[in-house]
Amino acid sequence: MRLGVLDVGSNTVHLLVVDAHPGARPLPAHSHKAELRLAELLDDSGAIGPDGVDKLIAVVQEALEAAEDKGVEDLLPFATSAVREADNADDVLARVRAETGVELQVLTGEEEARLTFLAVRRWFGWSAGKLLVLDIGGGSLEIAYGMDEEPDAAVSLPLGAGRLTAGWLPGDPPDPADIRALRRHVRAEIARTVGEFSRFGAPDHVVATSKTFRQLARIAGAARSAEGLYVQRELKRRSLEDLVPQLGAMTAEQRAELPGVSEGRAGQLVAGALVAEGAMDLFGVETVEICPWALREGVILRRLDHMGLGLIPEQPREAPRSAERGREDLRSPEEL
């Protein structure tokens with residue numbers, strides 16, 4: 001069947017359409033996205049203003065039309081931190097439902113971390129051993145660790161690149177004092193969670209997902225996206241430590257000229273780099289491998305598990321069928 005995932009994130013609203021085939025990975029069929037930057041549209045009270053809600057409704061309607069045009073049979077709509085943490089979240093969800101018919105399921109931060117972890121586990125398989133997964137979004141940082149398909153620990157921190165840029169780095173280029181203040185804040189937040197993960201022992205494999213990590217890896221010399229999904233891409237902490245001061249000295253326009261950096265994300269890249277560097281340093285990570293699957297794929301895989309298809313990636317790495325362990329604390333696919 002043809003499935004669609006509508007991801008209302010802090011930076012973008014992204015419709016991903018895939019074809020589900022038993023025994024194989026979900027095959028991407030279409031992608032439709034709009035940069036809305038909801039995390040930057042919050043007013044002083046922490047609410048999404050009327051203009052922001054109007055834009056959200058218009059973008060959701062466009063995504064619905066694209067899904068219909070592409071023959072989507074089942075749409076899985078969800079929202080993450082920007083909607084979740086807005087003071088008027090209930091009103092926003094009600095307006096979206098009334099004007100588009102879409103019932104957005106708001107994921108908790110822990111659910112984001114768990115579903116992203118599932119996607120990463122399926123991509124790398126059991127042979128990757130104990131995984132530590134880092135995911136920097138526009139509104140939050142998700143961290144998850146575990147041996148199975150359900151992580152043993154999963155947390156979400158308010159350290160998204162868009163959120164931090166709007167709240168801490170107003171200048172272009174940002175003031176060095178603001179960068180130092182944000183660096184202290186980021187590291188203090190991450191440090192509070194390290195103990196929760198260190199009790200499980202060192203991971204066998206550390207993986208990063210998200211646009212922020214992909215852009216940082218590309219700047220540091222990783223392969224272009226045009227070279228394919230299965231090319232191994234890494235980001236080393238040593239390279240990141242060299243990059244941070246360089247990025248901080250640039251304007252957003254200058255960053256947008258770097259390889260792999262989009263104009264829409266260039267303004268957030270300094271904050272994202274500080275979070276990536278802080279997480280790798282505090283968790284004692286020298287290298288992360290970039291995974292092309294993340295939250296959207298996790299939502300799709302969970303839905304397909306429920307349908308009994310047990311889809312797996314078509315690649316040489318071992319990729320397990322789903323385990324049922326520990327799934328009672330996650331929402332069912334119908335709820336997603």
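Let's start with an open sheet of six strands, with mixed pairing and the order β8-β7-β6-β9-β11-β10. Strands here are DSSP runs of E with at least two residues, helices are runs of H or I with at least four, and both are numbered from the N terminus; two strands pair if DSSP finds at least two bridges between them. β8 (153-157) and β10 (234-236) stand at the edges with a single partner strand each, so one side of each has no neighbour in the sheet.

A word on the model: it is predicted, so local features need pLDDT of at least 70 and side-chain atom pairs count only at pLDDT 80 or more, while totals for chains, interfaces and linings use all residues. Residues are numbered from 1 along each chain as its sequence is written, and side-chain values use heavy atoms, leaving out hydrogens and water.

Within the sheet, β6 (residues 131-136) and β9 (residues 205-209) run parallel and are joined by five bridges. Leu132 has Val206 in β9 as its bridge partner.

β6 also leads us to helix α5 (residues 161-168), whose buried residues pack against β6, α6 (176-198), α7 (211-219) and α11 (269-282). In α5, Ala161, Gly162, Leu164 and Thr165 are buried (under 20% relative accessible area, with exposed over 50% and partly exposed in between; 1.4 Å probe, protein chains only). On the other side of α5, Ala166 and Gly167 are exposed.

Stepping back, the chain has twelve helices and eleven strands. Of its 336 residues, 56% are buried. Its C-alpha atoms fill a box of roughly 50 × 50 × 35 Å, taken along the principal axes.

Methods: Contact means heavy atoms within 4.5 Å.
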